[in-house]
Amino acid sequence: MYLSLIEKGNTKDVRETLPELTSKFPKDSGVLYLKSLLTEDGSSAIKQYKNIIKNYPESKYAPISAMKIGEYFYARGLYTQSANLLKNIPAKYPRFQDMQRLTDLLINSFNAIGETDSAKHYGLI
């Protein structure tokens, strides 16, 4: 429910609810993911996403967190770091729901660093 509110741009209500959710469910990966999404400082958000991946690797939020980190690297122009992270997601999380978006970003990252052979490889998979 909270994710759909964020997707609709209604972050205010989620922000107001977050302290209560955090106190009730401090180690819930979904609550931690919400907190990461609402964190405005990129470096802090990355640390939080890494925490989810490390401490909740089987959570449905782990691959989404990895994707968020890859998107952050890409947005910052860190295409090599983005590609290195993103290329591991399919093997680690083969049931990731947004594989097409992942593939597109991975191909764009490879193209940005001149690794067209790798981009073609992932484009064919």
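Modeller: Let us start with "buried", which means under 20% relative accessible area, while exposed means over 50% and partly exposed lies in between, computed with a 1.4 Å probe on protein chains only. A helix here is a DSSP run of H or I with at least four residues, a strand is a run of E with at least two, and both are numbered from the N terminus. By these rules S29, G30, V31, L32, Y33, L34, S36 and L38 of α3 are buried.

Modeller: Please keep in mind that this is a predicted model, in which local features need pLDDT of at least 70 and side-chain atom pairs count only at pLDDT 80 or more, whereas totals for chains, interfaces and linings use all residues. Residues are numbered from 1 along each chain as its sequence is written, and side-chain values use heavy atoms, with hydrogens and water left out.

Biologist: What does the secondary structure of the protein come to?

Modeller: The count is nine helices and zero strands, and the C-alpha trace spans about 50 × 25 × 25 Å along its principal axes. Of the 125 residues in the protein, 34% are buried.

Biologist: What makes α3 "mostly covered"?

Modeller: Eight of the 10 residues in α3 are buried, and these buried residues pack against α1 (2-7), α2 (11-24), α4 and α5.

Biologist: Why does S36 count as buried?

Modeller: S36, which lies in helix α3 (residues 29-38), has a relative accessibility of 1%, and because that value falls under the cut-off, S36 counts as buried. Apart from neighbours within four places in sequence, S36 is in contact (heavy atoms within 4.5 Å) with A45, Q48, Y49 and I52.

Biologist: How do you know how α5 and α6 are oriented to each other?

Modeller: Axes are lines fitted to C-alpha atoms, for helices over the stretch in contact, and angles run from 0 to 180 degrees between N-to-C directions. Angles under 35 degrees count as roughly parallel, over 145 as roughly antiparallel, 65 to 115 as roughly perpendicular, and the rest as oblique. The axes of α5 and α6 come within 7 Å and cross at roughly 160°, and α5 and α6 are therefore roughly antiparallel. The contact is made by A66, M67, I69, G70, F73 and Y74 of α5 with Y79, Q81, S82, L85 and L86 of α6.

Biologist: Why are the buried residues of α6 said to be on one side?

Modeller: In helix α6 (residues 79-86), S82, A83 and L86 are buried. They cover an arc of only 95° around the axis, so they lie on the same side of α6; the arc is that of the directions from the helix axis to the C-beta atoms.

Biologist: Which residues touch the most other members of the largest nonpolar core?

Modeller: A nonpolar core is a set of buried Ala, Val, Leu, Ile, Met, Phe, Trp, Tyr and Cys residues joined through side-chain atoms within 4.5 Å. Of the 24 residues in the largest one, L86 and I89 touch the most other members. α5 gives the most to this core, with six residues. Not counting residues up to four places away in sequence, I89 touches P63, A66, M67, P94, F96 and L102. A second, separate core has seven residues, among them V14, L18, V31 and L38.
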